[in-house]
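The sequence and the structure are shown first.

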Amino acid sequence: MTAQLAEERVADERVAAENKRRCLAMVAAWNRWELGGIIEHWAPGVVHYSEDQPVDTDEMIGRMEEGLAAFPDLHLDVRSIMAEGDRVTLRITVTGTHAGGFAGLAPTGKRVSWHIVEELRFVDGRVVEHWDVMNHLPMLSAIGAVTAVA
């Protein structure tokens, strides 16, 4: 390996590590219920996709606010995090108490959990694209909204 290639590899690893740090800072902001601490990492014009469908930034913020209102003790636990190039992927378990309305469902007071996979693409230290896939089935089953399938 040439010295230039080695330097580029070290620089790429440094960027990947910094992007992982940014993701963990966003998770920490979630766990403090500070949406601004998440949004500050987004580039102007960030593009969001939820379940592969485009989501307007204002709608994404509304979904985040709805989640915090429905689960006021919401907590994200990062189970794994990987970075490659300009992308970071996180596998997260979310826990909380269903204390407010959610998706038209009345609060049950039950402790619930669900799972998320997030992928974020960074340019110049800011999130320019964001994808999420959520498995709400454990939560919906716990509050009686659906019957879990074995």
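Strand β1 (residues 42-50) runs parallel to strand β6 (residues 126-135), and 5 bridges join the two. Within this pair, Tyr-49 lies opposite Trp-131 of β6. Strands are DSSP runs of E with at least two residues, helices are runs of H or I with at least four, and both are numbered from the N terminus; two strands pair if DSSP finds at least two bridges between them.

The model is predicted: local features need pLDDT of at least 70, side-chain atom pairs count only at pLDDT 80 or more, and totals for chains, interfaces and linings use all residues. Residues are numbered from 1 along each chain as its sequence is written, and side-chain values use heavy atoms, with hydrogens and water left out.

The sheet is open and mixed in pairing, with 6 strands in the order β2-β1-β6-β5-β4-β3. Its edge strands, β2 (53-55) and β3 (75-84), each pair on one side only. On average, neighbouring strands are turned by 25 degrees against each other, direction ignored. Angles are taken between N-to-C directions, from 0 to 180 degrees, along lines fitted to C-alpha atoms, for helices over the stretch in contact.

| Strands | Sense | Bridges |
|---|---|---|
| β1 and β6 | parallel | 5 bridges |
| β4 and β5 | antiparallel | 11 bridges |
| β5 and β6 | antiparallel | 9 bridges |

Thr-93 stands opposite His-115 in β5, while Leu-120 has His-130 in β6 as its bridge partner. A hairpin is formed by β5 and β6 with 2 residues between them, and Asp-124 in the turn has a positive phi of about 50 degrees.

The largest pocket holds about 620 Å³ of space. A pocket is an open set of points on a 1 Å grid over the protein atoms alone, where a 1.4 Å probe fits, with protein on both sides within 12 Å along at least five of seven lines; lining residues have an atom within 4 Å of a point. Of its 29 lining residues, Trp-30, Met-64, Glu-118, Asp-132 and Met-134 are the closest to the centre. Helix α3 gives the largest share of the lining, 5 residues.

The structure holds 3 aromatic pairs (ring centres within 6.5 Å; planes under 30 degrees apart are stacked, over 60 edge-to-face, the rest tilted; Trp is taken by its six-membered ring). The Phe-71 and Phe-102 rings have centres 5.3 Å apart and planes at 65 degrees, so this pair is edge-to-face.

Definitions and conventions: Grid points are joined across faces, edges and corners, and a volume is the space filled by probe spheres set on the points.
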